[in-house]
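User: Please take a close look at the charged side chains of this structure and how they pair up. I would like one connected account, including where they sit and what surrounds them.

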Amino acid sequence: MAGMMRWPVLLAVLAASPVWAQTYASRLTAVAYDGAMRANVQGDGRATATLDGKTLTVTGTFADLPSPATSASLYSGTGIGIPGPAILELKLNGQTDGSLSGSFALNAKQLAALKLGHVYVQINSQKAPDGNLWGWLLPDHPFAGANVPVEGHGFLPQLDVPGNWTQK
Amino acid sequence: MRGFGLTVAVAAMAVASLWIASAQTTEGPFTEAQATAGRAAYAANCAGCHQANLAGAGEQPALAGASFMASWGKRSVKEFYDDIRSTMPYGRAGSLDAATYQNITAFIMTANGAHAGAKPFDGGAGVKVSAIANGQIPADIAKPAPRAAAAPRAPGMKLGQTLVGNIKNYKPVSDAMLVHPDPNDWLIYRGNYQAFSHSGLKQINEKNVGQLQLKWSWAMNEGGQNATGPTIHDGIMFLANTSNTVQALDAKTGELLWENRLGPVATRAYSALRSLAVYEDKVYINATDAKLYALDARTGKVVWKTEIADSTKGFNETGGVIVAHGKVVVGLTLCRGQMPHCFISAYDARTGARVWKFQTIADKGEPGGDTWKDVPNDMRAGGETWIAGTYDPDLNITYWGVAQSKPWMQASRRSGNAATLYANTTLALDVDTGKLKWYYSHAPGETFDLDEVFERVLIDHGSQKTVMTIGKAGILWKLDRVTGKFLDAKQTVFQNVYSGMDMKTGQLTFRPDVLAQRTNTWISACPSAAGGHDWPPTSYDKANDLMIIPLDQSCNMMLGHDVAQHTGVVQPEGEERVFFMPGTDGNMGRLAAYRTADMKPVWSFQQRSPFLTGVLSTDGNVAFVGDYDRVFRAIQTTTGKTLWTVRLPTTVQGNPVSFAVDGKQYIAITTGLGGGSPFSKPSSMLGEVHNPDHGHAVYVFALPDQAN
């Protein structure tokens, strides 16, 4: 059925793919929250990651957390916007404002996950131990600016949904 | 037939049976005085949406009983207090003082069986809700709810006709005029039977739109959800306000010509009246108490009224009507398991007599009835039709979108991946008989409130007659509107619910974990329940073959509860946590233009705030759209470039229209609050955007009198 692919096929497709993005980026925003959680998951941040071969170097900053940051890691789920377990721990500096960093040699599964957009940065904090900020590492792309039209879709990160219903 | 009152009682019994009366051994962390004061505060601020008996309605969850305990039992009283303090009242979050929120919290705890204690609640109690409450609703709270008695936002509102009109020389609206509308008029909800939301006027164009100025404005009723679009005929503007108030205004000056306050007064979020209709010498409106009215267009007097459904059972109307071939066709909403099931119905435009009815939920033994797995008939819920349909006069077919089945999530609904017809379908019905010509199931087994209920736009490409629509999943669909055959589809915003589509049939494939979902387990969905696209309609510019679509970018985690069977009152039964859509840099608004012949995306832009109006395009190569951050803007249709903006007093919400009087072209738009998920998501997520909690109005713009 068109549009249905399984993991081994996906990995083969990725291995044979042309040049993939080497720089990934994300804005870090509140994890999924409801009204009761909102006060504890505020803040903002940015992360960028550069892929050189299989080595991923991550840097980022965060600010205005409601409580001190306790840890930060790369996580990986089964899709973009789908939470999953932590896979690689980042070095954290700072409390409610600070930075994060890390450099990793990715294995094949981690590399595939990164290229499909499944990997995300998450910062945990004292009042939000299960997550304060997060953001999915997606191919870095310029943002034209608010209300500035671009040709076509603009950036639409449907990296892991094959099929021409998503193509430009 | 089970009455709503009985079903509430049954629900209460089900609540008791679901929750073991583990007699709470801990006094509640609040006083009797707080609970008493809280009951009054609840009635004034919450009952309009959540009902006097806390049973909830629509997107407003139950605040007592099994559903409440499933959501909050394991969480603390403080968390509940923090939640309501930051999100409620709807449209006015955080507007009450701390003591009122504490009192309301205390009352809601008592409504779930908690007993008061000696110590007042100060917002800090970390005790679990289940330690003090068991979900058993006291009898004096659980009794069947009368229509909400909450104080109206318009205090002292007098119902009935407050001004009788005397419009002279009113020109009756004929069938021919509806088939070929005069561009000086705006006769139909979205401009024409085909839902183009396009004006043939071009006096205002891409060169001079920067000169637009306000000509007049008119304050509308406060309270409820204002998301309407004016209807204009021969220089008269007919306007549906909240609280079921219908007005006729001089479209050139804004002078009130007549007003009829039909009531009931708006007390809940589901009180939007998205449109009204005109035909012959009457104005038609479906009031929120599920009654259909015909008013004399000249005077505003009621000519006839008829009951669409029994509102005491909870039925509601929000979506407007369409008049086609002498019939007023209307949908129905808030179908939560009460009987009858949801339906579309048609009424003789002159007499109000019902002509036909089409049920949108298939029962066992009926065609489509085998698509609900083992769900019994009285648990088959949803299938609302809350956006007025469109009409092809040549085929004599009316096209409607149907909303999702309920409970939202498959695991709660126990219908597996079954299609649950006719939820999430396009229906093609013979407008004279209501007979089903064909249906197309867009999202069988839909499970995240991503329904496919919105406008069906009828576009011809040469000899090929198509119907296009875009639902909450953000998929732009194209079908053959003669046969219902799938032709094409295009994704317009990021989505992670479907892992693929068969491009020959349009059959969607869910993500594997969506299919394997269980109750009480969080699962991610992008877009969120606000949709990639929601009720703000698209616009189709035929000359450029461009469909301009207001899109929303947000995601959520959803959790479905276990839903007891045979309660007969089915709520969405789940919880939701929101987050910004990946790859959007926190921009919730997207406006995109697609060429419909080949579904090619032509241009798009993003902004922080989502768009809360439909799009209006015109022959002047300009299009208009408004947003949550109070901006109403004009863009160049072919490029998306912003040409003009104005900042209005509150959220720009509704449907922009264009009309002309005495040779002058006008653009009209409403401001308003409410608006369901498209409004509540940004109000929760965009902390830097501040809007007044009032300001329903209509604004009318035109070029300066000496402008070219």
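Analyst: B:Lys327 counts as buried, because its relative accessibility is 13%, under the 20% limit for that label. This is a predicted model, and what follows describes that model. The side chain of B:Lys327 meets that of B:Asp432 in a salt bridge, with 2.9 Å from N to O. This pair links distant parts of the chain, its two members being 105 residues apart. B:Lys327 belongs to strand E13 (residues 327-330) of chain B, and B:Asp432 to the loop between strand E20 (425-430) and strand E21 (436-441) of that chain. B:Asp432 has 26% relative accessibility, so this residue counts as partly exposed.

Another pair in chain B is B:Lys472 with B:Asp451, a salt bridge whose closest N and O atoms are 3.4 Å apart. B:Lys472 is buried, with a relative accessible area of 3%. B:Asp451 is buried as well, at 1%.

A pair within one helix comes next. B:Asp82 and B:Arg85 both lie in helix H5 (residues 77-87) of chain B, 3 residues apart, which is about one turn of the helix. Their salt bridge has its closest N and O atoms 3.0 Å apart. B:Asp82 is buried because its relative accessible area is 12%, whereas B:Arg85, at 37%, counts as partly exposed.

A charged residue can also lack such a partner. B:Glu317 is buried yet has no salt bridge. The nearest side chain of opposite charge belongs to B:Arg354 and is 8.4 Å away, while a salt bridge requires the atoms to be within 4 Å. The side chain of B:Glu317 does make a polar contact of 2.7 Å with the side chain of B:Asn286. B:Glu317 is in the loop between strand E11 (302-307) and strand E12 (321-324) of chain B. Its contacts beyond four places in sequence include B:Ala272, B:Ala287, B:Thr288, B:Ile308, B:Val330 and B:Leu332.

Salt bridges also cross from one chain to the other. Over all chains, a search of the whole structure finds 31 of them, and the count between chain A and chain B is 3. One salt bridge joins B:Arg75 to A:Asp34, with the closest N and O atoms 2.6 Å apart. The strands that give two or more residues to the side of chain A touching chain B are E1 (23-30), E8 (133-136) and E10 (150-151). E1(A) gives the largest share of that side, 3 residues. A:Asp34 and B:Arg75 are also part of a network of salt bridges that includes B:Glu79 and B:Arg577.

The rest of the interface gives these pairs their setting. In it, 46 residues of chain A are in contact with 55 residues of chain B. The area buried between the two chains is about 4000 Å², and carbon and sulfur atoms give 54% of this area. There are 23 residue pairs in polar contact across the interface, counting those with both residues at pLDDT 80 or more.

B:Ser604 is in strand E34 (residues 600-607) of chain B and counts as buried because its relative accessibility is 2%. Its side chain reaches the backbone oxygen of A:Gly152 at 3.1 Å. A polar atom of that side chain also lies 3.0 Å from the backbone oxygen of A:His153. Beyond four places in sequence, B:Ser604 touches residues of both chains, among them A:Val148, A:Pro149, A:Gly154, B:Arg590 and B:Leu591.

Some points on confidence remain. The model scores ipTM 0.89 and pTM 0.91. The mean pLDDT of chain B is 91, and 92% of its residues reach 70 or more. Residues 1-23 of chain B stay under 50 in pLDDT, and residues 147-154 of chain B also stay under 50.

How values were computed. Residues are numbered from 1 along each chain as its sequence is written. Chains are lettered from A and ligands numbered from 1 in the order in which they are written. Side-chain values use heavy atoms; hydrogens and water are left out. Helices (H or I, at least four residues) and strands (E, at least two) are DSSP runs, numbered from the N terminus. Buried means under 20% relative accessible area, exposed over 50%, partly exposed in between (1.4 Å probe, protein chains only). Lys and Arg count as positive and Asp and Glu as negative; His and the chain ends are not counted. A polar contact is a pair of N or O atoms within 3.5 Å; within protein, one must be able to donate a hydrogen and the other to accept it, and residues adjacent in sequence count only if both atoms are side-chain atoms. Contact means heavy atoms within 4.5 Å. pLDDT is the predictor's confidence in each residue, from 0 to 100. Buried area is the accessible area (1.4 Å probe) that two parts lose on being put together, summed over both.
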